[in-house]
Amino acid sequence: MMRLFDSRPVYTALLWLLLPYAFFHLWWRSRRQPEYLDHIGERFGRYSCTCDKPVIWLHTVSVGETRAALTLVRGLRERYPDHQILLTHTTPTGREASEQLYGDDVVRVYLPYDYPFAIRRFLRHFQPRVGVLLETEIWFNLVHACHARSLPLLLLNARLSERSARRYARFPRLARASLHSLHLIAAQTEDDAMRFAALGNHATPVMGNLKFDIAPPPPMLELGKRLREQFGATRPVFLAASTREGEEALLLDALQYMEIENLLVVMVPRHPQRFDEVAALIESRGLHMQRRSANEPVSPHTRVVLGDSMGEMFAYYAACDVAFIGGSLLPFGGQNLIEACAVGKPVLIGPHTYNFSQATELAVACGAAMQISHADDLVHQLNILMHDGTALARMGKAGLQFVSDNRGATEHALTLIGLALSHSLYNEIVSGQVKSAP
């Protein structure tokens, strides 16, 4: 029975059956984030913008991948000034992050849904010379279409959790065919490479993690200093970063038992559409709250600052004493702890870190991070740390060293993309599309 459904035509047929749901999904998400109703035509391969230069295409799904691509985009613009960088996204927050980070230096659109007609339109319209998927995005019809056009499609900074590997393993022939149709896969870690190999991709080099190469932008560090002045220069500050549904309530309830005088909690939900929801949650507990968006000095009576802003995470890290990385207290798989370490801040992280398992293990092993098992354990460890300046300084220094020791993925990625571009140009010369190399 499994083999009967393990084919791309059946996968495509199932997509067609789900087409009404695609429209429902956009409408449903738009109730909390109206931007989901913008650019709907792009979801089906219809674009108004054009590129007048050869295109290097990077797919960065949402905020995390878009931020991770920062050093790669800069490197590509420096090495290929005669090319246009095209970023595709899946979420409005990813698109907004792209606007904040790159402005007019790139063209940005939504990647179409994985319908063959939409993929063909996308590839015909932009005619990229090379495509790069970042981290975990493998769309079967997209991979097939690029392979059919001899378009080099790379999966870089690739990670594959055990959970995702089990999902792909349910469709072994389809997964294996798609992996072999990719031009190259370069994994973040040895564990990721082994999981790709188990699915049938036997040659999977390890390139490291692009997130280690991102240096804290000086303007964000300066903003962090100003935020700290607003918070209170001598006031202890605990940052709950990138929190997810259900975690805020656990943290707020546990933090009532803190033994740290005048502690200020800065809470930054992962998704902006939840800002108002989290504000109501804080107020329901009778806690005096201020919003970051008000941009006002924080009153000594304020217990919680709601970080209701986008693109300022480095500043939040710079302004705190200890950072908890959300998405890890409940089983969401965790978020990126590297940015906090890059600013030299001690990190607490929960038990659920399968999306960043190796980075978490390395950070804990070198003393840059401490893994807690539940909210009460977090409060216990925070009580200890906030009263031990030596331990805080030691963890912060270990974080800086941890990031420094793991840099270099960007250079690997640029080399691989350069080889793919050469391969693409060679194919065009052989096929007669161009007469000679520029």
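Reader: Is C146 buried or exposed?
Author: This is a predicted model, in which local features need pLDDT of at least 70, side-chain atom pairs count only at pLDDT 80 or more, and totals for chains, interfaces and linings use all residues. Residues are numbered from 1 along each chain as its sequence is written, and side-chain values use heavy atoms, with hydrogens and water left out. Buried means under 20% relative accessible area, exposed over 50%, and partly exposed in between (1.4 Å probe, protein chains only). The relative accessible area of C146 is 0%, so C146 is buried.

Reader: How far is the sulfur of C146 from the closest cysteine sulfur?
Author: A disulfide is a pair of cysteine sulfur atoms within 2.5 Å. The closest cysteine sulfur to that of C146 belongs to C51 and is too far for a bond, at 15 Å.

Reader: Which cysteine has the sulfur nearest to that of C366?
Author: C366 is partly exposed, with a relative accessible area of 37%. C366 is in no disulfide, and the nearest cysteine sulfur, 7.0 Å away, is that of C341.

Reader: How many disulfides does the structure hold?
Author: C146 has its closest cysteine sulfur too far for a bond, and C366 is in no disulfide. For the structure, the number of disulfides is zero.

Reader: Which residue in β5 is the bridge partner of L134?
Author: Strand β4 (residues 128–134) pairs with strand β5 (residues 153–158) in the parallel sense, over four bridges. The bridge partner of L134 in β5 is L156.

Reader: What is the radius of gyration of the protein chain?
Author: The protein chain has 20 helices and 13 strands. The radius is taken over C-alpha atoms, and the globule rule is 2.2 Å times the number of residues to the power 0.38. That rule gives 22 Å for 438 residues, so the chain is as compact as a globular protein of that length, with a radius of gyration of 23 Å.

How values were computed
Pairing = 2+ DSSP bridges. Helix = DSSP H or I, 4+ residues; strand = E, 2+ residues; numbered from the N terminus.
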